[in-house]
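Morning, everyone. Please look at the model first.

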Amino acid sequence: MRSEPNTVSFRTILAGGFSGNSLAPSLFSSELTYSDEKGNIQPRLAEVLPKLNTDTWRVFPDGTMETTWKFRPGVVWHDGSPLTTEDFLFAWHLYSAPEFIGGSALMRAIGDITTPDDRTLVIRYKVLFPDAGEINTTDGLQPLPRHILEQPSQQLDANSFSNLPFWTREYVGLGPYRVTAWEPGASFEGTAFEQYVLGPPRIQRISVRIIGDVNTAMAYLSAGELDMTGTDNTIGFAQADTLRREWERSGVGTVYLGSNLWRSTAIQMRPEYAIPKGILDPRVRQALAQSVDKKLLNDNVWYGLMLPSDFFIRPTSKYASAFEPSIVKYQYDLRRSEQLMNEAGFVKGADGFYGSADEGQFKADLKTSQSTEWVAEMTIMAEAWRKAGFNVQDAVVPPALTNDPPTRTTFPAMYTSSITVGERALSSFVTAEIPRAENSFRNGSNRQGWSNPEYDLLHKQLGETLEPSERGKLIAQMARLFTADLSIIPLLFVQQPGGRVNALRGPLDTEPEGQIFSNVHEWHFE
């Protein structure tokens with residue numbers, strides 16, 4: 001993997017904790033559920049998933065509800081101590097504490113947890129919570145070993161607690177491997193945990209190297225010194241393309257894709273920051289979208305490996321049949337783009353650029369963060385827009401400012417970046433998620449400042465709706481509003497490439513939101 005994780009737990013304790021995608025946690029941690037290669041939630045520590053309108057998932061007239069989880073018998077920690085309900089209760093209190101990472105949607109929704117017996121958890125919710133039957137790694141209830149962590153959690157401040165060696169080289173978890181070696185900045189190792197809940201792993205030892213340079217990782221993989229790379233930019237798309245052609249001839253290995261993100265260009269929607277003001281007109285935003293050739297981007301930047309997108313929920317989602325017909329799609333069509341600009345009061349001048357009597361020439365900035373592919377993508381988009389009549393100037397945000405909240409929030413026109421895909425991303429665009437100056441722009445995911453009261457109301461209703469068919473209808477309405485107003489220009493579903501030798505059997509092809517390491521205990525060599 002490319003960067004050393006500061007935790008091998010699925011859930012970080014402090015904001016900003018880094019586990020290095022799903023690789024390290026999948027080796028050493030376990031939760032009640034997991035996301036399989038298709039993005040579906042499956043039970044792991046749990047025997048079964050709660051089911052709505054049964055004794056395992058009950059909804060009450062007062063708007064509260066409860067789910068009942070029973071975890072598998074005989075589950076033990078890496079040090080041999082049995083997993084108990086007290087480990088879940090301890091984790092719940094820790095995750096909920098404001099000095100730690102408290103504040104996730106799940107933690108806010110839970111009112112109480114009781115333990116009728118040694119293997120049963122009854123979670124009482126203060127409000128309706130649609131994801132109660134699919135608690136996952138994003139905001140899940142991952143148990144923590146109370147017998148190890150309770151005392152230091154009471155004695156240390158949050159920062160000191162989060163920096164304990166427990167989270168890395170001394171980790172005690174429930175995953176298929178135990179941490180047995182750790183060389184800071186270089187590598188760490190895991191040995192098969194024979195008492196793993198789903199059975200002994202078939203590979204006895206896994207060594208994970210930290211390799212920050214994509215060409216070095218490529219050289220090691222080509223030389224047979226690595227069996228597999230992760231999907232955290234360990235190798236880039238250029239290296240993956242070279243490997244693919246090399247391995248097609250030799251049959252040694254396979255290039256795979258994982259860790260899905262949604263590439264899109266956010267448009268500044270707040271009048272106090274928007275330059276030019278014309279970008280606040282939805283017809284101008286739609287004209288910009290109709291001038292983006294997604295196939296050109298895919299072929300020239302992403303080696304044809306990606307999937308052009310129109311919305312941030314994958315077309316293979318369980319709700320796709322409901323929302324796909326509602327999405328407003330913007331095909332590459334320069335004639336339609338010009339028509340929209342004319343309707344908005346902009347015409348091309350002698351210099352070939354759009355302008356209006358009120359604003360003069362349309363001039364807009366396009367920004368992105370530093371990365372070979374991202375910069376290439378931005379350059380192609382800006383050049384194409386200029387040819388289409390939009391005077392767009394591109395600029396790379398310096399690495400030091402990549403995560404700077406004001407830079408990411410108060411950009412004047414457009415900023416291309418990546419977000420995670422899926423239904424959970426719907427909450428990223430409600431008005432309450434707009435970062436504000438009063439909190440130094442640090443809180444909130446709605447960086448472009450889009451606000452739509454109807455969308456907000458539908459999102460509230462979605463949070464109170466449990467039946468899948470009704471949820472699909474609400475998502476369809478939200479998708480229509482989101483894509484019609486177009487505060488974000490959809491580009492591509494981007495999955496990071498990795499490479500593995502064909503002798504390694506077990507890794508499954510993943511779909512967006514799927515996890516390639518979810519069945520790592522079944523991997524083996526032939």
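Start with the hairpin of β7 and β8: three residues lie between the strands, and G185 takes a positive phi near 80° there. Strands here are DSSP runs of E with at least two residues, and helices are runs of H or I with at least four, numbered from the N terminus. This is a predicted model, where local features need pLDDT of at least 70 and side-chain atom pairs count only at pLDDT 80 or more, while totals for chains, interfaces and linings use all residues. Residues are numbered from 1 along each chain as its sequence is written, and side-chain values use heavy atoms, with hydrogens and water left out.

Strands β7 (residues 177-183) and β8 (residues 187-192) run antiparallel and are joined by six bridges. Two strands pair if DSSP finds at least two bridges between them. One example is A181, whose bridge partner in β8 is E189.

What is the strand order of the open sheet? It is β7-β8-β9, three strands with antiparallel pairing. β7 and β9 (205-209) stand at the edges with a single partner strand each, so one side of each has no neighbour in the sheet.

Now the backbone. Most residues other than glycine have a negative phi, and most peptide bonds are trans. I275 and P276 are joined by a cis peptide bond, with omega about 0°. P276 lies in the loop between β10 (253-267) and α8 (282-289).

Y303 is not a glycine, yet has a positive phi of about 55°. F441, also not a glycine, has a positive phi of about 60°.
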